[in-house]
Amino acid sequence: MEKASHLSVIVDLSPTQWHLSAQASNQYPLSIETFLSQLLALLNAHIASKHENTLVVFGALPGKSVMLYSSTELLTDDVPSLDANSYLPFKLVDSTVVQRIMNEFDAIGELEEEPPCALVGAVTKALCYINRITHPSSTTTGVAEDPSIVHDPRILILSVSPDLSSSYIPIMNAIFSAQKLKVTIDVCKVYGPDTVFLQQAAHLTNGSYIYLERRDALLQYLIVISFCSLSYLVAHHILLLQMSFLSPPSIRKILAVPKQDKIDFRAACFCHKNIVDIGFVCSVCLSIFCQPLPVCSTCRTKFPINTLKRLNAVRPTITPANSRMGLPLANLNNATTPRQTPTPAPNGMSSLR
């Protein structure tokens with residue numbers, strides 16, 4: 001019997017980024033209203049795939065994350081009225097998600113400076129939710145397996161915001177937790193430059209990372225993909241029936257699910273929260289720094305003076321022509337740097353390139 005599947009959807013709800021996405025100056029403008037209409041089609045398709053499938057939707061808002069919908073919990077008292085021309089579970093998802101998002105946008109109001117979206121908080125809540133529903137109570141021991149028990153849980157992140165370098169450590173901790181729970185993280189970059197951290201999240205959890213070439217074809221990216229490459233799809237406008245984000249991980253083994261050609265493995269330094277090409281790693285706690293330090297700020301390990309002199313001697317000279325330090329994350333994401341093996345240093349730091 002086919003197992004039930006769980007899908008946690010995390011929607012990036014940055015008002016500023018969605019305003020920029022809807023600008024007519026973009027080649028393919030996409031407003032939040034059009035985005036939601038296509039997202040709801042994906043959510044309804046997941047519910048219709050199997051009666052026991054579960055769904056939860058989280059919103060990553062400026063400074064906070066909230067649960068917008070849960071198929072196992074009633075989050076609002078405003079139950080939609082029965083309509084003979086609509087399927088009640090579909091109507092419940094549509095009305096609840098849209099109404100909660102509009103309420104959150106109204107509560108934000110006008111901000112002088114918009115705080116970063118709490119994407120890491122939404123991912124953490126999704127992992128906690130999955131951990132709760134995938135661990136049934138001990139009273140079911142010795143009883144036949146319940147078909148409603150969720151298998152192959154996954155998270156789908158719909159992102160429009162750029163990377164936030166200060167969230168490197170929290171997002172990596174969330175990725176390691178997802179690996180331990182065997183949770184697949186899929187990422188769909190709807191607007192803005194590629195994100196370094198979400199690329200790594202999809203790669204490390206065996207998920208898919210897709211950057212939208214044509215934002216006016218969002219629904220096709222979410223539900224169907226072609227056997228050929230996405231560049232060929234954009235050039236010839238071909239849509240062939242193959243499941244992408246809709247299919248659970250167990251079925252993707254026999255499908256042509258897109259994978260990343262290049263992955264940016266750069267990390268953010270612990271001292272200045274900058275994404276670095278060349279870093280220096282503490283040999284005790286593996287903290288990453290953009291320059292050699294006499295004392296590790298994380299574990300307080302003191303490094304030998306000779307080691308610091310040697311690392312400073314081989315440290316490359318940063319010039320305006322080849323430096324990417326201090327540039328916006330949007331510019332940092334344009335280049336892909338392969339992961340290199342750290343060069344060990346006795347009793348001290350090691351360099352990471």
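A nonpolar core is here a set of buried Ala, Val, Leu, Ile, Met, Phe, Trp, Tyr and Cys residues joined through side-chain atoms within 4.5 Å, where buried means under 20% relative accessible area, exposed over 50% and partly exposed in between, for a 1.4 Å probe and protein chains only. The model is predicted, and local features need pLDDT of at least 70, side-chain atom pairs count only at pLDDT 80 or more, and totals for chains, interfaces and linings use all residues. Residues are numbered from 1 along each chain as its sequence is written, and side-chain values use heavy atoms, with hydrogens and water left out.

Val9 is in contact (heavy atoms within 4.5 Å) with Leu39, Leu43, Leu55, Val56, Val57, Phe58, Leu156 and Leu158, when residues up to four places away in sequence are not counted. In soluble globular proteins, nonpolar side chains tend to be buried together.

Two aromatic pairs are found in a search of the whole structure, a pair being rings of Phe, Tyr and Trp (its six-membered ring) whose centres lie within 6.5 Å, with planes under 30 degrees apart counted as stacked, over 60 as edge-to-face and the rest as tilted. Trp18 and Phe35 form a tilted pair, at 4.6 Å centre to centre and 40° between the planes. This pair links distant parts of the chain, since Trp18 lies in helix α1 (residues 15-21) and Phe35 in helix α2 (residues 32-49), 17 residues apart, and both Trp18 and Phe35 are buried. The rings of Tyr168 and Phe197 have centres 5.3 Å apart and planes at 50°, so this pair is also tilted. Tyr168 belongs to helix α5 (residues 168-181) and Phe197 to helix α6 (residues 196-204), 29 residues apart; Tyr168 is buried at 12% relative accessibility, and Phe197 is buried at 2%.

Thr184 lies in strand β5 (residues 184-189) and is buried, with a relative accessible area of 8%. The C-alpha atoms of Thr184 and Thr205 are separated by 5.1 Å, although the two residues are 21 residues apart along the chain.

Key:
Helices (H or I, at least four residues) and strands (E, at least two) are DSSP runs, numbered from the N terminus.
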